Amino acid sequence: MAILKKIYYLLFCCALSGCYTDFYPDIESTPVLCMNSLVTADESIDVELSRTWLYTDEAGAENNSVSDASVSITVNGHSAVDDYIPAEGDCVRLKAMSPKYGTAEAEVVVPAKVNVTGVSFKPNITNMSFYEFEGVSYGYVMFDYMLDITIADSSYDIDFFHYSCKGVDNNVSDFLESETGLNINIGTLKYEAEPVFGEHIDAFDSVMGADAYGFTYFTDRSFQGKSYTLHLVYSNASVHFASANGNIENQLNFELEITMDAVSESIYKYALWQWQWYSGFLGDMGDIGLADPLWGYSNVTTGAGVVGAKTSRKFIIDLREMLYEALQNVEMPELPPFM
């Protein structure tokens, strides 16, 4: 009989577990200024202002603009002139004031350029096809490649970096009419081949299956005051092109644009928070209520928004030599294009 009583309790608990209702807590919330800005060396400063709102406030989500605020810029302790352009080493302080939403402030130092001492590009063609039709050359080349970028780190402070790569496409808007165009696919980066992209992943996250996919921010913690070479391994890159009158050399730019950014700590921490939220174990557990939610990162005094700084260096990898060598080794048949 005692067992039956316990069964009744279990059935009652199961019945309760199937009941739920929407609950909107009555939370006192005062909107504050949200300030976002990316201070970039040698470029003018743009500041975006909005206000915070309670997540149940649908009107606030649709209209959170701020029109009554003024922004002042202080550089190295002095008011900035109207045509101020940020430079490496500048300490920039932004201050926004709104009669309705109060004051928001943030300070950031523009980092020095990344000291890149070497860039090496080693392609390996895996497949290709070329053909001509009515005076137009068509073709594609598929290839893997290794990209080595050597950084000389001269500072014993912790520095923060970001790497990116893109194809320089000079596509003509109407490919069929112009019969000239180009599309470059940079391929798939093997993030696990470069350990600094995963330096933020601890043992627990690693055991739970986390990886550095999509994360190309890193620090100099492992090579402070030394030189370090990024080993970037790409697979399944491709170039597709069409060139009227076979004048490929003069009509198209086969190029990869490599960007190495020195970024502020605030940019790195915001990127790291995003990784934790979307890819980290604590972010996953917080989503299902098994851990405390991850607070959004902010370096603004109101706790809303991010002010960061960066200085960029760009490098161009010319792919034409690789493609021209491939062209010399292939006979161009007269075939209709597959379009």
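## Basis of the model

Two strands are taken to pair if DSSP finds at least two bridges between them. Helices (H or I, at least four residues) and strands (E, at least two) are DSSP runs, numbered from the N terminus. The structure is a predicted model, in which local features need pLDDT of at least 70, side-chain atom pairs count only at pLDDT 80 or more, and totals for chains, interfaces and linings use all residues. Residues are numbered from 1 along each chain as its sequence is written, and side-chain values use heavy atoms, with hydrogens and water left out.

The pLDDT, the predictor's confidence in each residue from 0 to 100, averages 82 over the protein chain, and 76% of the residues score at least 70. For residues 172-177 the pLDDT is below 50, and this stretch has 9 contacts (heavy atoms within 4.5 Å) beyond near neighbours in sequence in the model. Residues 334-339 also have a pLDDT below 50, with 15 contacts in the model beyond near neighbours in sequence.

## Overall architecture

The protein chain contains 8 helices and 15 strands. Of its 339 residues, 37% are buried, where buried means under 20% relative accessible area, exposed over 50%, and partly exposed in between (1.4 Å probe, protein chains only). Among contacts in the protein chain with a separation of 6 or more, 72% join residues 24 or more positions apart.

Asp205 belongs to helix α4 (residues 203-207). Asp205 is buried, with a relative accessible area of 5%. Its C-alpha atom is separated by 9.6 Å from that of Gln276, 71 residues away along the chain.

## Strand β1 and its partners

Strand β1 (33-40) is largely enclosed by the rest of the structure, because 6 of its 8 residues are buried. On one hand, β1 runs antiparallel to β2, to which 5 bridges join it; Asn36 has Glu48 in β2 as its bridge partner. On the other, β1 pairs with strand β15 (residues 307-318) in the parallel sense over 4 bridges, with Val307 in β15 as the bridge partner of Ser37.

The hairpin of β1 and β2 has 6 residues between the strands, and Asp42 in the turn has a positive phi of about 70 degrees. Asp42 is exposed, with a relative accessible area of 61%.

Strands of a sheet pair through backbone hydrogen bonds, either parallel or antiparallel. Here, 4 strands form an open sheet in the order β4-β3-β5-β6, with antiparallel pairing. The edges are β4 (78-79) and β6 (102-109), each with a single partner strand, so one side of each has no neighbour in the sheet. Strand β5 (residues 91-98) pairs with β6 in the antiparallel sense over 8 bridges, and Leu94 stands opposite Ala106 in β6.

Strand β7 (residues 116-133) is joined to β8 by 16 bridges, and the two run antiparallel. Tyr131 has Tyr138 in β8 as its bridge partner. The hairpin of β7 and β8 has 2 residues between the strands, and Glu134 in this hairpin takes a positive phi near 50 degrees. A positive phi of about 60 degrees also occurs at Asn236, although Asn236 is not a glycine. Asn236 is found in strand β13 (residues 227-244) and counts as partly exposed, at 46% relative accessibility.

## Pockets

A pocket is an open set of points on a 1 Å grid over the protein atoms alone, where a 1.4 Å probe fits, with protein on both sides within 12 Å along at least five of seven lines; lining residues have an atom within 4 Å of a point. Grid points are joined across faces, edges and corners, and a volume is the space filled by probe spheres set on the points. The largest pocket has a volume of about 440 Å³. Its lining comprises 24 residues, of which Pro111, Ala112, Asp159, Phe160 and Ala262 lie nearest the centre. At least two lining residues come from each of β6, β8 (136-152), β9 (160-168), β14 (255-263) and α6 (265-278); β6 supplies the largest share, 3 residues. By class, this lining has 13 nonpolar (Ala, Val, Leu, Ile, Met, Phe, Trp, Tyr, Cys and Pro), 5 charged (Asp, Glu, Lys and Arg) and 6 polar residues (the others, Gly among them).

The second largest pocket holds about 360 Å³ of space. It is lined by 17 residues, with Asn36, Tyr270, Tyr297, Gly305 and Val306 nearest its centre. The elements that give two or more residues to this lining are β1 and α6. The lining of the second largest pocket divides into 8 nonpolar, 7 polar and 2 charged residues.
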